[in-house]
Amino acid sequence: MADEIKAFNEYREKMNEVILGKQNKVINRLFNLDTNTYMEGALSTKVKEMLGLVSSMVLRCDDCIKYHLGKCHEQGVTTEEMYEIFAVANIVGGTIVIPHTRRAAEYWEALLAQES
């Protein structure tokens, strides 16, 4: 699973460079808005990443879920907090979110295993 984390991050970085390198004004501005949205503000970056994860789970975007799981891990989200995030996502999104929760839990465990 550690290879999956590395592959996901490398692919995301590579393709972002390709996309941003085309200098499309709208896409570049969208990426910039995304970056600025998650910066520290009235809400902490940690809270914003947690919100992003819930939203991604409800929208059922596995790439987004992996991205926000990684950011939550970087922000020091605990496993107890993570499972509350999963609970909120499942209540809001319904049972269709359960398969995404399984994959999210697997990815979270892999992120934790990298600490060892």
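# Charge pairs, voids and loop geometry in a predicted model

Gln23 counts as exposed, at 59% relative accessibility. With a 1.4 Å probe and protein chains only, exposed means over 50% relative accessible area, buried means under 20%, and partly exposed is in between. This is a predicted model, in which local features need pLDDT of at least 70, side-chain atom pairs count only at pLDDT 80 or more, and totals for chains, interfaces and linings use all residues. Residues are numbered from 1 along each chain as its sequence is written, and side-chain values use heavy atoms, with hydrogens and water left out.

**Loop residues with positive phi**

- Gln23 is not a glycine, yet has a positive phi of about 60°.
- Gln23 sits in the loop between α1 and α2; helices here are DSSP runs of H or I with at least four residues, strands are runs of E with at least two, and numbering starts from the N terminus.
- Arg60, also a residue other than glycine, has a positive phi near 60°.
- The loop that holds Arg60 is between α3 and α4.
- Arg60 is partly exposed, at a relative accessible area of 42%.

**Salt bridges**

- The structure holds five salt bridges, each defined as a side-chain nitrogen of Lys or Arg within 4 Å of a carboxyl oxygen of Asp or Glu.
- Side chains of opposite charge can pair when their charged atoms come close.
- One of the salt bridges joins Lys46 and Glu81, with the closest N and O atoms 3.3 Å apart.
- Lys46 is in helix α3 and Glu81 in helix α5 (residues 79–93), so this pair ties together parts that are 35 residues apart in sequence.
- Both ends of this pair are partly exposed: Lys46 has 23% relative accessibility, and Glu81 has a relative accessible area of 26%.
- Another salt bridge is formed by the side chains of Asp62 and Arg103, at 3.2 Å from N to O.
- Asp62 in helix α4 and Arg103 in helix α6 are 41 residues apart, and the pair links distant parts of the chain.
- Asp62 is partly exposed, at 27% relative accessible area; Arg103 is likewise partly exposed, at 38%.
- Lys71 and Glu74 also meet through their side chains in a salt bridge, at 3.4 Å from N to O.
- These two residues are three residues apart in helix α4, so about one helical turn separates Lys71 and Glu74.
- Lys71 is partly exposed, with a relative accessible area of 26%, whereas Glu74 counts as exposed at 58% relative accessibility.

**Buried charges without a salt bridge**

- Lys and Arg count as positive, and Asp and Glu as negative; His and the chain ends are not counted.
- Lys48, in helix α3 (residues 45–59), is buried yet has no salt bridge.
- The nearest side chain of opposite charge to Lys48 is Glu40, 7.4 Å away.
- A polar atom of the Lys48 side chain lies 2.6 Å from the backbone oxygen of Met39.
- Lys48 is in contact (heavy atoms within 4.5 Å) with Thr37, Tyr38, Met39, Glu40, Gly41 and Leu43, leaving aside neighbours within four places in sequence.
- Glu49 lies in helix α3 too, and is buried without a salt bridge.
- For Glu49 the nearest side chain of opposite charge is Lys71, 5.9 Å away.
- Not counting residues up to four places away in sequence, Glu49 touches Tyr38, Tyr67, His68, Lys71, Cys72 and Gln75.

**Cavity and pocket**

- On a 1 Å grid over the protein atoms alone, a cavity is a set of points where a 1.4 Å probe fits but cannot get out, while a pocket is an open set with protein on both sides within 12 Å along at least five of seven lines; lining residues have an atom within 4 Å of a point.
- Grid points are joined across faces, edges and corners, and a volume is the space filled by probe spheres set on the points.
- The count by this rule is one cavity of 30 Å³ or more, and the largest cavity has a volume of about 50 Å³.
- The largest cavity is lined by Asp62, Ile65, Lys66, Leu69, His100, Arg103, Ala104 and Tyr107.
- Helices α4 (62–74) and α6 (98–115) each supply at least two residues of that lining.
- The largest pocket has a volume of about 530 Å³.
- This largest pocket is lined by 20 residues, of which Arg12, Asn16, Asp34, Cys64 and Tyr67 are the closest to its centre.
- At least two lining residues of the largest pocket come from each of α1 (2–21), α2 (25–37), α3 and α4.
- The most is given by α1, with six residues of the lining of the largest pocket.

Key. Polar contact = N/O pair within 3.5 Å; in protein donor to acceptor, adjacent residues only side chain to side chain.
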